[in-house]
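This briefing sets out how the secondary-structure elements of one protein are arranged and paired. Please read it alongside the sequence and the coordinates.

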Amino acid sequence: MSRPSGAPPATNDPAAPSCATLDCLHCSVRHLAVCSALSPDEVQALEQVTVSQQLAMGSTLARSGEERQHVYTLTGGALRLVRTLADGRRQINGFVLPGDYLGLSGSDHHRYDIEAIADSRVCRVALPQMKGLRARYPHLERKLLQRACQELDAAQDAALALARLQPAEKLADFLRRLAAREAKLGGDGLRVSLPMGRGDIADHLGLTMETVSRTFTKLRQQGLIALPHLNVVEILDEDGLRTLAGDVQG
């Protein structure tokens, strides 16, 4: 059924939120999303308060410092979480991929700019309505707690990877993480799509874009990966990439 679009477009977002017919039970990323905790009957309650919002590549879903009014689940495309440092440098805290949930925060305001790096789609729920669902369905609350714990583990692993001195180790670990996500979406885990550019990867890993490009070339020359397209990586030696990454993910 169609839902009203509700809130106005996001700040500086050229793509206004659009209304779409929701079919949560048959969503291709439901098994990755927090709503997988809900039964088919309970999903209907979620659909009643959910809006499907389209985001054009380059648009902004929310800006750092803005009051948080909604939670989001990404169902298509990719987003980046960006913080601009006092000296003007850009730090990308992470990338949001299909199935990821945006809303696990103790702050009343957004801590990052949330930007679309591809044409994307999110399911949007107002904070008061999500609070009501969490109170009504305790298993949804438990799923959110589980997701929070997983994000904490991932943040600790990422901090360890970012502390390394060798760019090849950082990039190998980054590719392994993306490959694991591709596998959860139904891929073989050996072909990785890169919705983000080399500059985004550099700002995420604390490297220069030139270093990232050279490191991709180095991994290709070592026979660990192939680069059939600019935004596609094929993992040729999974064990070798794991060894290089130091198996941070366990």
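Helices, of at least four residues (H or I), and strands, of at least two (E), are taken as DSSP runs and numbered from the N terminus. Counted in this way, the protein holds 7 helices and 11 strands. The model is a predicted one, and the values that follow are computed from it. Of the 250 residues of the protein, 44% count as buried, and among contacts between residues at least 6 apart in sequence, 71% join residues at least 24 apart.

**The sheet containing β1, β8, β3 and β6**

- An open sheet is formed by 4 strands, which follow one another in the order β1-β8-β3-β6 with antiparallel pairing.
- The edges of this sheet are taken by β1 (50-55) and β6 (101-102), each of which pairs on one side only.
- Between β1 and strand β8 (residues 120-126), which run antiparallel, there are 6 bridges, and in this part of the model Gln53 has Val122 in β8 as its bridge partner.
- Helix α2 (residues 127-136) lies across β3 (70-76), β6 and β8, and its direction runs at about 70° to β8.

**Strand β7 and its partners**

- Strand β7 (residues 113-116) is joined by 2 bridges to strand β2 (residues 60-62), the two running antiparallel, and Ala62 has Ile114 of β7 as its bridge partner.
- Strand β4 (residues 79-84) also runs antiparallel to β7, to which it is joined by 4 bridges, and here Arg80 has Glu115 of β7 as its bridge partner.
- In a regular strand the side chains alternate between the two faces of the sheet.
- In β7, Asp113 and Glu115 point one way while Ile114 and Ala116 point the other way, and all of them are buried.

**The sheet containing β9, β11 and β10**

- A further open sheet consists of 3 strands in the order β9-β11-β10, and its pairing is antiparallel.
- Because β9 (191-193) and β10 (225-229) stand at the edges, each with a single partner strand, one side of each is left without a neighbour in the sheet.
- From one strand to the next, the twist of this sheet averages 25°.
- Strand β11 (residues 232-235) and β9 run antiparallel and are joined by 3 bridges, with Val192 standing opposite Val233 in β11.
- Helix α4 packs on this sheet, where it touches β9, β10 and β11, and its direction makes about 100° with that of β9.
- Helix α6 (residues 209-221) lies across β10 and β11, and it runs at about 120° to β10.

**The packing of α3 against α4**

- The axes of helix α3 (residues 138-162) and helix α4 (residues 167-184) come within 9 Å and cross at roughly 155°.
- Angles over 145 degrees count as roughly antiparallel, and α3 and α4 are therefore roughly antiparallel to each other.
- The crossing in which α3 passes α4 is left-handed.
- On the side of α3 the contact is made by Ala154, Asp157, Ala158, Ala161 and Leu162, and on the side of α4 by Lys170, Asp173 and Arg177.
- By residue type, the contact of α3 with α4 divides into 4 nonpolar and 4 charged residues, with no polar ones.

How values were computed
Residues numbered from 1 in each chain as written. Predicted model: local features only at pLDDT ≥ 70, side-chain atom pairs only at ≥ 80, totals over all residues. Heavy atoms only, no water. Axes fitted to C-alpha atoms, helices over the stretch in contact; angles between N-to-C directions. Parallel < 35°, antiparallel > 145°, perpendicular 65-115°, else oblique. Left-handed = near helix turned anticlockwise from the far one by under 90°. Contact = heavy atoms within 4.5 Å. Nonpolar A, V, L, I, M, F, W, Y, C, P; charged D, E, K, R; others polar. Pairing = 2+ DSSP bridges. Buried < 20%, exposed > 50% of the residue type's maximum accessible area, 1.4 Å probe, protein only.
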